[in-house]
Amino acid sequence: MTTVSDGEDAKVHDVSSALEYWPAPPPWGWTADDLDHLPSEGLDGEPDLFTHVELIDGALVFAAPQRRLHQLLVRGLTERLDAQAPAAMTAVHRMDVKLGDRTRPCPDVMLIDAEAGADMSRTFYAAREVHLVVEIVSPESVERDRKLKPGRYAEAGIPHFWRVEEHDGRPVVYVYERDPATGAYTPTGIHHGRLAVQVPFPIEVDLDQLVK
């Protein structure tokens with residue numbers, strides 16, 4: 001269900017009425033809450049069309065097929081972060097974070113409050129529940145992962161962001177920390193072979209082992 005307000009004139013639309021305009025967006029635009037009500041299949045029976053979709057500034061973004069390297073990095077980073085996290089935090093992968101009414105990305109990996117992670121009914125987390133976002137860059141996501149998404153995560157107040165890229169078949173992690181004075185991310189290191197940081201808690205990862 002979508003509520004659109006123009007002054008005092010508020011209108012409510014459901015997803016089925018929005019899909020009547022498909023593949024164009026509805027005139028009132030997509031909202032973060034719409035993602036919970038999209039069908040899994042496309043209107044012409046395309047399997048799982050809406051299963052892996054993000055909302056960025058009101059636009060639906062569909063995930064490209066995942067490479068094996070990407071899968072290994074997602075799984076490996078999630079396991080290692082979860083194993084080293086304090087009791088108050090837990091690592092999750094491929095879960096949404098709601099950054100506003102019109103932005104709901106699905107990061108590759110996140111560190112969230114353990115209390116939020118224990119709720120099995122959740123389909124997304126609020127930015128205030130997220131401590132770290134990790135995006136693994138794919139050929140089709142370069143612009144989003146390098147430029148667009150980090151800005152949105154920082155604006156929402158998420159304190160830590162990692163961008164993972166591939167160089168000669170090996171992962172390289174670019175680490176950023178949010179500067180509370182500017183509200184923007186500041187680079188704090190580029191990690192090859194081995195990642196070692198002290199925030200949001202002491203973390204050590206043998207990066208090369210993630211893809212073996």
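Biologist: Why does Glu 140 count as partly exposed?

Modeller: In this predicted model, the relative accessibility of Glu 140 is 39%. Buried means under 20% and exposed means over 50%, with partly exposed in between. The 39% of Glu 140 falls in between, so this residue counts as partly exposed.

Biologist: How do you know that Glu 140 and Arg 144 meet in a salt bridge?

Modeller: The N to O distance between their side chains is 2.8 Å. The cut-off is 4 Å, from a side-chain nitrogen of Lys or Arg to a carboxyl oxygen of Asp or Glu. The value for Glu 140 and Arg 144 lies within that cut-off, so the pair counts as a salt bridge.

Biologist: What makes Arg 144 buried?

Modeller: Arg 144 has a relative accessibility of 17%, and buried means under 20%. Arg 144 is therefore called buried. Its place is in helix α4, residues 142–155. Neighbours within four places in sequence aside, Arg 144 touches Val 61, Lys 149 and Pro 150.

Biologist: Which residue does Lys 149 meet in a salt bridge?

Modeller: Lys 149 pairs with Glu 54, at 2.7 Å from N to O. Lys 149 is in helix α4 and Glu 54 in strand β3, and the two are 95 residues apart, so the pair links distant parts of the chain. Both of these residues are buried. Over the whole structure, the search finds 16 salt bridges.

Biologist: What makes Asp 208 and Arg 170 a pair that ties together separate parts of the sequence?

Modeller: The closest N and O atoms of Asp 208 and Arg 170 are 2.7 Å apart, and the two form a salt bridge. Asp 208 lies in the segment after β14 and Arg 170 in strand β11; the parts they tie together are therefore 38 residues apart in sequence. The two partners fall into separate classes: Asp 208 is buried at 18%, while Arg 170 is partly exposed at 43%.

Biologist: Why can Glu 46 belong to a negative surface patch?

Modeller: A patch residue needs over 30% relative accessible area and no salt bridge. Glu 46 is partly exposed at 31%, so it passes the area cut-off. The patch is formed by Glu 41, Asp 44, Glu 46 and Asp 48. Glu 46 itself is found in the loop between α1 (15–19) and β3 (53–56).

Biologist: What is the phi of Asp 57, and why is this residue called partly exposed?

Modeller: Phi of Asp 57 is near 50 degrees, a positive value in a residue other than glycine. Asp 57 has a relative accessible area of 39%, so it is partly exposed. The residue is found in the loop between β3 and β4 (59–62).

Biologist: How do you know whether Asp 168 is buried or exposed?

Modeller: Exposed means over 50%. Asp 168 stands at 80%, so it counts as exposed. Asp 168 is not a glycine, yet its phi is positive, about 55 degrees. Its place is in the loop between β10 (160–167) and β11 (170–179).

Biologist: What kind of peptide bond joins Val 199 and Pro 200?

Modeller: The bond is cis, with omega about 10 degrees. Pro 200 has its place in the loop between β13 (194–197) and β14 (203–206).

Technical notes
Residues numbered from 1 in each chain as written. Predicted model: local features only at pLDDT ≥ 70, side-chain atom pairs only at ≥ 80, totals over all residues. Heavy atoms only, no water. Patch = residues over 30% accessible without salt bridge, like charges linked within 9 Å, V, L, I, M, F, W, Y side chains within 5 Å. Areas by Shrake-Rupley, 256 points an atom, 1.4 Å probe, with all protein chains shown as cover. Lys, Arg positive; Asp, Glu negative; His and termini not counted. Charge placed at Lys NZ, Arg CZ, Asp CG, Glu CD. Helix = DSSP H or I, 4+ residues; strand = E, 2+ residues; numbered from the N terminus. Buried < 20%, exposed > 50% of the residue type's maximum accessible area, 1.4 Å probe, protein only. Contact = heavy atoms within 4.5 Å.
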